[in-house]
Amino acid sequence: MKDLQRKIKGRIQAAQRVLVTSHVRPDGDAIGSSLALALALLDAGKDVQVVLSDGLPAGFKHLPGAELVQSKADGEFDLIISVDCSDLKRIGDALDGYHAPDIIIDHHVTTDPFGTLNLVEPEAVATASVLTRHMAEWGLTITAPMAANLLTGLVTDTLGFRTANTTSEALRQAADLLDLGVDMSALYYRSLVRRTFVEAKYWGAGLSSLERADGIVWATLTLVDRKASGYNGKDDADLINFVSSIEDADIAIIFVEQNRKKTKISWRALKPQIDVSQIARQFEGGGHKAASGAELIGSLDEVQERVLEATRKGLNQPQS
Ligand code: 5GP
Ligand code: MN
């Protein structure tokens with residue numbers, strides 16, 4: 001066993017009170033990975049809290065272990081593990097008053113090694129894939145409730161096994177998780193297909209703002225759109241996945257106004273040779289070659305101008 005895996009196993013075995021955390025605006029991989037790991041640690045006899053700064057979005061409440069999620073930590077911990085999070089800032093306030101993570105488990109190419117032990121595998125399709133690979137080495141056994149969470153991470157980060165980074169290993173892992181007794185069709189429907197009426201209205205507002213220029217398509221979701229549709233989240237309700245399906249564009253972008261001074265950006269590369277993580281890095285964001293994000297300070301109009309300009313420049317640069 002590699003040294004890093006041995007050290008992770010040692011830290012896990014020696015710990016009793018474990019805090020598991022992930023990033024703000026948690027997605028299926030952040031939640032699925034957190035819950036799978038937490039359930040395995042509970043089975044190993046540990047006390048576990050899953051602390052997510054933004055809590056658990058309604059669409060994931062069906063997952064086994066969902067009741068473990070809280071938005072503030074409570075008590076003391078001898079081990080803090082961060083999953084699916086590429087920098088300390090993206091944990092939000094979940095660790096306020098606590099030490100930085102002892103272990104980070106992630107798959108982002110832009111990950112800053114902010115833990116004591118850093119397990120980062122950028123070629124993995126999801127953090128759930130990294131966990132599926134290594135949990136047995138740490139003495140943790142994957143059971144059906146964990147499999148449902150891990151498969152949620154695999155399915156959501158690959159958009160149903162259709163992103164360009166989908167590997168045969170990811171499909172084999174999915175097959176092994178299915179064998180543990182997961183209802184894949186139900187899980188797929190719940191995490192990728194279904195939309196609430198309110199989300200559909202919110203999408204409508206975003207789609208009515210759609211623009212296109214210089215190979216870039218973009219949509220904007222304002223605070224007014226959020227209020228008018230009644231959408232409770234601070235994210236794009238996955239509208240980016242629809243905008244990314246528009247043909248003949250190179251890059252898709254969504255701007256989500258967070259408040260009068262802050263805007264969340266999502267970039268998607270629509271061609272395999274384009275690397276949007278390089279553009280996101282310029283704004284202290286990060287992610288993957290094909291999917292990246294950042295949060296920018298400034299009014300929506302100002303941010304939009306800067307981001308579109310940098311994206312245009314990024315497109316004109318020779319891609320490595
Ligand atoms: P999304 O655009 O769906 O929020 O995120 C796309 C990818 O970029 C995900 O892998 C996500 O973790 C990463 N990402 C999104 N926003 C940020 C950010 O503000 N900072 C960093 N470092 N990564 C981000
Ligand atoms: Mn994530």
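I began with Leu 159, which I found in the loop between helix 4 and helix 5 (168-179); helices here are DSSP runs of H or I with at least four residues, strands are runs of E with at least two, and both are numbered from the N terminus. I noted that this is a predicted model, in which local features need pLDDT of at least 70 and side-chain atom pairs count only at pLDDT 80 or more, while totals for chains, interfaces and linings use all residues. I also noted that residues are numbered from 1 along each chain as its sequence is written, that chains are lettered from A and ligands numbered from 1 in the order in which they are written, and that side-chain values use heavy atoms, with hydrogens and water left out.

Back at Leu 159, I read a positive phi of about 50°, although the residue is not a glycine. Its relative accessible area is 21%, so I wrote it down as partly exposed; buried means under 20%, exposed over 50% and partly exposed in between, with a 1.4 Å probe and protein chains only.

I then turned to Asp 214, in the loop between strand 7 (211-213) and strand 8 (216-221). Asp 214 also has a positive phi of about 50° without being a glycine, and with a relative accessible area of 53% it is exposed.

**Helix 2 and its partners**

I looked next at helix 2 (residues 28-43) and helix 4 (residues 144-157), which pack at an angle of about 160° with their axes 8 Å apart. Axes are lines fitted to C-alpha atoms, for helices over the stretch in contact, and angles run from 0 to 180 degrees between N-to-C directions. Helix 2 is therefore roughly antiparallel to helix 4, since angles over 145 degrees count as roughly antiparallel, under 35 as roughly parallel, 65 to 115 as roughly perpendicular and the rest as oblique.

Which residues of helix 2 and helix 4 make the contact? Among them I listed Gly 28, Leu 35 and Asp 43 of helix 2, and Pro 145, Asn 149 and Asp 157 of helix 4; contact means heavy atoms within 4.5 Å.

I compared this with helix 2 and helix 3, which pack at an angle of about 25° with their axes 8 Å apart. That makes helix 2 roughly parallel to helix 3. Here Asp 29, Ser 33 and Leu 37 in helix 2 meet Thr 127, Ala 128 and Leu 131 in helix 3.

I also checked Thr 143, which sits in the loop between helix 3 (127-134) and helix 4. Leaving out residues up to four places away in sequence, Thr 143 touches Asp 43 and Leu 180, and its C-alpha atom is 8.1 Å from that of Ala 40, 103 residues apart along the chain.

His 23 is buried, at 2% relative accessibility, whereas Asp 27 is partly exposed, at 30%.
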